[in-house]
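Good morning, colleagues. Please bring up the model on the screen, and I shall take you through it one region at a time.

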Amino acid sequence: MISQLITYIYFFLIQIFPALGGEMGGILAQQQRFPKPEFETGYTQPSPTTPEPRLTAWEYIDVSVLVLVMSLAAWFALKRRSRKGLLWLSVFSLVYFGFIREGCVCSVGSIQNIALTLFDPAYAISIPIILFFTLPLLFTLFFGRVFCASACPLGVIQDLVIIKPLKLPQWLRKTLGLIPYIYLGLAVLLAATSSEFIICRYDPFVGIFRMGAEFSMIILGIAFLLLGMFVARPYCRFLCPYGVLLGWMSKFSRFHLNITPSQCIQCKLCEQSCPFDAIDKPSEKLSVENKKLNKRRFSIFLLLIPVWIILGGFSMSKVHSFLSKAHPDVYLAELLIEHPELKDDPENIDIQTFLSSGKTMEHLVEEAKLVKQKYFTGSWILGCFLGLAIGVLLMNQYVLRRRKDYTPNKVDCYSCGRCMDYCPVRPTSNLRKMAEGESATAKNEKGISEKTN
Ligand code: SF4
Ligand code: SF4
């Protein structure tokens, strides 16, 4: 059933990629046809901070590779239950999407392109970017976070350096878990107002993938990897904005990886196996009194959600002016108002470019005002979103979920497959028959005892 579904999705997607047709070979041959010019003046070409533009055909190839990798990851996680398969697949993705493709285009950063295209009709987004954004979410909705397991180079590079993962207390994990919501909200706000793509700018691993980014970014990447030896996947868990969306999708995933291939025998061997603390234990039975207390607290936190939303919106609206400085027009207008003498500084490229554009100061100030208005509205929405996230997080502490077995937490589980290897239960038909036989016997016995009573 699962392998059939993966095959259908794969072939459907292959059908819709027209660029993979027969003309592709000819198109590819034309990429980088012309060598870069050499200057006699001593000028040297600067090394780019983003990858060289590539032909659309290559982008469709990337999408195909992404689909293939996610399909295989779903197969390894759900059907073959192979950690080894997932591991080798993730190494391939790291090499291809990370070092060869230089981490661009990536699904994490595509959030910003989507936000910009929704708010700026002049921005034309390409189909491959839309696919990079939507396909991992679609796969997650069906199979859990198989994208994080084996396709995302940012996740994989951290996964490969885990040495001795520490257990973090729940309160710390939950608190730090709010950062991705803030990062997601800010990234959308800044992209929607055409200010900046902060996810790309502060991607900690891009410096390592490109081997030529700013020195500070390479240091940041190394720092994350060093931290990741002891705090597993720190970027994924406490920063990744795309992880927020993937978590939402995974919560409703139709087929999700299970620790045991059959029935959980409560041996507890898998309990400590997850480096990301993503295994939920069987729930404890609460006394009637505790249940009542729990219900009361749940109702209080539920009623408090609107308060959090309004509080969040109000607080964020107070910092909209500060946030708007991320937009070049606002930054330049305020700089020139505060320091008019800078107009005479030939070294300041931003100001000299503005002066030579022929725009008047009044025009610049007017544009900056409009941007600030957008930021005011955007900050309110961002604050409400964050207030809602905090409110739901607090309320969720008191949601009672009945669990009989050790199960992966669908939101936090990266489908890495480590825990599966710890489970001593084997998917043999004998075991299943035994289990089925036992439960049938138990049912019979129950029926007999009910009749007797
Ligand atoms: S959480 Fe984010 S960075 Fe980590 S693997 Fe998933 S998408 Fe990639
Ligand atoms: S598959 Fe999920 S629950 Fe199991 S070890 Fe990996 S992240 Fe943890």
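This is a predicted model: local features need pLDDT of at least 70, side-chain atom pairs count only at pLDDT 80 or more; totals for chains, interfaces and linings use all residues.

The next residue on my list is P275, which is placed in the loop between helix 15 and strand 1 (279–280). Is P275 buried or exposed? The cut-off for a buried residue is 20 or more other C-beta atoms within 10 Å. P275 has 22 C-beta neighbours inside 10 Å, so it counts as buried. Leaving out residues up to four places away in sequence, P275 touches I162, P165 and A232. P275 and R418 are 143 residues apart along the chain, and their C-alpha atoms are separated by 8.7 Å.

K164 sits in the loop between helix 8 (153–159) and helix 9 (170–176). K164 counts as exposed because it has 8 C-beta neighbours inside 10 Å. Beyond its neighbours within four places in sequence, K164 is in contact with M229 and F230. The C-alpha atoms of K164 and G228 are 9.2 Å apart in space, while the two residues are 64 apart in sequence.

I come to the packing of helices. Two packed helices are described by the angle between their axes and by the distance between those axes. For helix 3 (residues 56–80) and helix 6, the axes come within 10 Å and cross at roughly 10 degrees. Helix 3 and helix 6 are therefore roughly parallel to each other. On the side of helix 3, the contact is made by E59, Y60, D62, V63, L66, V67, M70, A74, A77 and L78. Helix 6 contributes P128, L131, F132, L135, P136, F139 and F143. The residues of this contact divide into 15 nonpolar and two charged, with no polar ones.

What is the angle at which helix 18 (residues 328–338) and helix 20 (residues 361–396) pack? The angle is about 130 degrees, and the axes are 8 Å apart. Helix 18 and helix 20 are therefore oblique to each other, and their crossing is left-handed. In this contact, D329, V330, L332, A333 and L336 of helix 18 meet M361, L364, V365, E367, A368, V371 and K372 of helix 20. Nine of the residues in the contact of helix 18 with helix 20 are nonpolar and three are charged, with no polar residues.

Some details of the backbone deserve a word. Most residues other than glycine have a negative phi, and most peptide bonds are trans. E102, although not a glycine, has a positive phi of about 55 degrees. E102 lies in the loop between helix 4 and helix 5, and E102 is buried, with 20 other C-beta atoms within 10 Å. V105 is also placed in the loop between helix 4 (83–100) and helix 5, and the peptide bond from C104 to V105 is cis, with omega near 5 degrees. R233 has a positive phi as well, near 45 degrees, and is a residue other than glycine. R233 is found in the loop between helix 13 (215–228) and helix 14, and R233 is buried, with 26 other C-beta atoms within 10 Å.

Finally, the protein as a whole. The protein has 21 helices and two strands, and buried residues make up 34% of its 453 residues. Among contacts with a separation of 6 or more, 84% are between residues 24 or more positions apart.

How values were computed. Residues are numbered from 1 along each chain as its sequence is written. Chains are lettered from A and ligands numbered from 1 in the order in which they are written. Helices (H or I, at least four residues) and strands (E, at least two) are DSSP runs, numbered from the N terminus. A residue is buried if 20 or more other C-beta atoms lie within 10 Å of its own, exposed if 12 or fewer, and partly exposed in between; C-beta atoms are placed from the backbone. Two residues are in contact if their C-beta atoms, placed from the backbone, lie within 7 Å. Axes are lines fitted to C-alpha atoms, for helices over the stretch in contact, and angles run from 0 to 180 degrees between N-to-C directions. Angles under 35 degrees count as roughly parallel, over 145 as roughly antiparallel, 65 to 115 as roughly perpendicular and the rest as oblique. A crossing is left-handed if the near helix is turned anticlockwise from the far one by less than a right angle, and right-handed if clockwise. Ala, Val, Leu, Ile, Met, Phe, Trp, Tyr, Cys and Pro count as nonpolar, Asp, Glu, Lys and Arg as charged, and the others, Gly among them, as polar.
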